[in-house]
There are 2 protein chains.
Amino acid sequence: MTPSRAAGEPTRDQIVSFLERCADRGVPPTVREIGDAVGLRSPASVHRQLRTLEEDGRIICDGDGRSRSWRITKPKSRRRGGGMIPVVGRIAAGEPIDSLEGEEDFLPIPPNGFASSGDVVALRVEGNSMTDAGILSGDYAIIRRQPEVENGQVAAVSIDGQGTLKVWRRTGKGKISLEPRARGFEVIRLGRGSGEVSVFGRLVGVARMYGEG
Amino acid sequence: MTPSRAAGEPTRDQIVSFLERCADRGVPPTVREIGDAVGLRSPASVHRQLRTLEEDGRIICDGDGRSRSWRITKPKSRRRGGGMIPVVGRIAAGEPIDSLEGEEDFLPIPPNGFASSGDVVALRVEGNSMTDAGILSGDYAIIRRQPEVENGQVAAVSIDGQGTLKVWRRTGKGKISLEPRARGFEVIRLGRGSGEVSVFGRLVGVARMYGEG
DNA sequence: GAGGGTAGCGAACGAATGTTCGCATGTCGA
DNA sequence: TCGACATGCGAACATTCGTTCGCTACCCTC
């Protein structure tokens, strides 16, 4: 009889996922702790899956017979919330740029300082429409992904798939203004029939790195 | 007979140091591993020191009787190069501020992204003399400590013990200009007899965090 | 020198842990 | 239907590991 376990994610993926979470927290789990986490009551069941995962190269065993020695093969640099903020693309601070996503690089800044939780990414800013807000072309905009922002907050907005960084202001029912923060740039006014507009996220931080020049 | 152990650092400090190193690497050690690391051949010896350290509040035991459960009380935020940049004080972007150092806080940004090596600290910017360079009051200036900078680079400069953030320019023999980057601020010109001037470091990055507002 | 405190050792015990073995159940294709 | 296969269980077994106990040695102070 197959035991009544939470359906959906396969057992082996659950184990890998649990090991990832443990790697984030610091202490690797024991075999029985893994069993508790994924719903396997016998350490033998866990152990067999661990061996299989090892053959697949997804996990490795640090010591042989030592306690808490099973761990993820690679620290999974795609992991968010552990150390890096992924740079998922570029964003305009002038004319909207078409490519808003497409993971490119990693910014060595833990999101903890910018947002305690949630999905935080970085976008490289191109353009000068926000220079008066201290956001220059080449800066990294730290964006927390969220579907809505409040009036006056700086938002990464997607207009017909093109992304731009502006101050968000709802001026009326279905009417939105996207305000630049620099001289020489016009306010973008959006109403009905202005195309598809969606908030990508809210600006929670800015990071800039100077080279040797 | 006291065994021949490496003299110098007391055993207890060695243990704490070893636990710190393990915390960095990820896996907490077993009692016997600690013994091997610090030169204690009996787990009993290690265990007694662990209990003493626990009473002193320097370490804590996560689980009681579980393996690998001894760890450092606090992750020692003073550590540099591992995760945080220390915020060592405030710096003026307007009128010089007297307090340049005095460790206050930690910015959750690893220096790796800003400088591969060296002593990197953060200073909280106060004032608006560098706003045209995208450095606003309240930002964190990421400073790599170095005694000299080149013309045109932004430097944290100490004038008679007062710190300020400006563009550094040597205008002649013994003559220095400190240029603001904002309207309404005057260039500070320094020559012989202008007091003691020293470069605190070079600006290698800027970080800004927005709150909920 | 006596005595207390500190710090080390080895031995031992019990619990935790990794690992193996045999068995049962469900799936899938021949 | 039958057998190979995957997966789970419980029961061991062998280490590992945390912890305790008694002992010895050194360093003090009195």
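This tour visits salt bridges in a predicted model. Residues are numbered from 1 along each chain as its sequence is written, chains are lettered from A in the order in which they are written, and side-chain values use heavy atoms, without hydrogens and water. In this predicted model, local features need pLDDT of at least 70 and side-chain atom pairs count only at pLDDT 80 or more, while totals for chains, interfaces and linings use all residues.

A salt bridge here is a side-chain nitrogen of Lys or Arg within 4 Å of a carboxyl oxygen of Asp or Glu. Over all chains, 14 salt bridges are counted.

Begin by selecting Arg51(A) and Glu54(A), whose closest N and O atoms are 2.9 Å apart in a salt bridge. Both belong to helix α3 (residues 43-55) of chain A; because they are three residues apart, about one helical turn separates them. Helices (H or I, at least four residues) and strands (E, at least two) are DSSP runs, numbered from the N terminus. Arg51(A) is partly exposed at 33% relative accessibility, and Glu54(A) is partly exposed at 28%. Buried means under 20% relative accessible area, exposed over 50%, and partly exposed in between (1.4 Å probe, protein chains only).

Next, select Arg68(A) and Glu33(A), which form a salt bridge at 3.3 Å, N to O. Arg68(A) is in the loop between β1 (59-61) and β2 (70-72) of chain A, and Glu33(A) is in helix α2 (residues 31-38) of chain A, 35 residues apart. Arg68(A) is buried at 7% relative accessibility, whereas Glu33(A) is partly exposed at 25%.

Finally, select Asp139(A) and Arg208(A), a salt bridge with closest N and O atoms 2.8 Å apart. Both residues are buried.
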